[in-house]
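I opened my notebook to record what I looked up in this structure. My entries follow in the order I made them.

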Amino acid sequence: MAASGVEADALGVSASANFAGGFSAGIAYTKFEFSDAADSIDVDHNGLGLGYTIGPFSDHVNWGQYDVDGFGNVNGFGLEAAYDRCRG
């Protein structure tokens, strides 16, 4: 696809919740469509995240997967730890 004249559309939905004991979770789905006069590519993204907070400390892990038409799946994950000195 050429860089000029490319149109992109995206539609997504997500939800997150906080639970007792400092736990949290979130899920997301996004659908992208990229197109120009000659071609169109659809991309789907799914994501899931889990977290835990106690006092000023928080940890989070997330996973995501892109499904790109004609290319297959691409997966990844992330880990995060933080200290919020304003809450400590």
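Is aspartate 44 buried or exposed? I looked up its relative accessible area and found 18%. Buried means under 20%, so aspartate 44 counts as buried. I noted at the start that this is a predicted model.

**Entry: the salt bridge**

Next I asked how many salt bridges a search of the whole structure finds. The search finds one. I then looked up its partners. The side chains of lysine 31 and aspartate 44 meet in this salt bridge, at 3.3 Å from N to O. Lysine 31 lies in strand S2 and aspartate 44 in strand S3, so the pair ties together parts that are 13 residues apart in sequence. Lysine 31 is partly exposed, with a relative accessible area of 37%.

**Entry: threonine 30**

I went on to threonine 30, which lies in strand S2. Is threonine 30 buried or exposed? Threonine 30 has 18% relative accessibility, so I wrote it down as buried. I then listed what threonine 30 touches, leaving out residues up to four places away in sequence. The list holds Leu11, Gly12, Val43, Asp44 and His45. Asp44 in that list is also the salt-bridge partner of lysine 31.

How many buried residues does strand S1 have among its 12 residues? I found zero. Strand S1 covers residues 7–18 and is hardly covered. I looked for its pairing. Strand S1 is joined by 12 bridges to strand S2, residues 23–35, and the two run antiparallel. S1 and S2 form a hairpin with four residues between the strands. In that hairpin, glycine 21 takes a positive phi near 80°.

**Entry: the nonpolar patch**

Which residues make the nonpolar surface patch? I listed Ile27, Leu48, Leu50, Val61, Trp63, Phe77 and Leu79, with a patch area of about 750 Å². I then asked which elements give two or more residues to the patch. They are strand S3 (40–54), strand S4 (57–68) and strand S5 (72–83). Leucine 50 has a relative accessible area of 45%, so I noted it as partly exposed. Aspartate 44 lies in strand S3 as well, but aspartate 44 is buried.

Methods
Residues are numbered from 1 along each chain as its sequence is written. This is a predicted model: local features need pLDDT of at least 70, side-chain atom pairs count only at pLDDT 80 or more; totals for chains, interfaces and linings use all residues. Side-chain values use heavy atoms; hydrogens and water are left out. Patches are made of residues with over 30% relative accessible area and no salt bridge: like charges are joined within 9 Å, nonpolar side chains (Val, Leu, Ile, Met, Phe, Trp, Tyr) within 5 Å. Accessible areas come from the Shrake-Rupley method with a 1.4 Å probe; for residues, only the protein chains shown count as cover. A salt bridge is a side-chain nitrogen of Lys or Arg within 4 Å of a carboxyl oxygen of Asp or Glu. Buried means under 20% relative accessible area, exposed over 50%, partly exposed in between (1.4 Å probe, protein chains only). Two strands pair if DSSP finds at least two bridges between them. Contact means heavy atoms within 4.5 Å.
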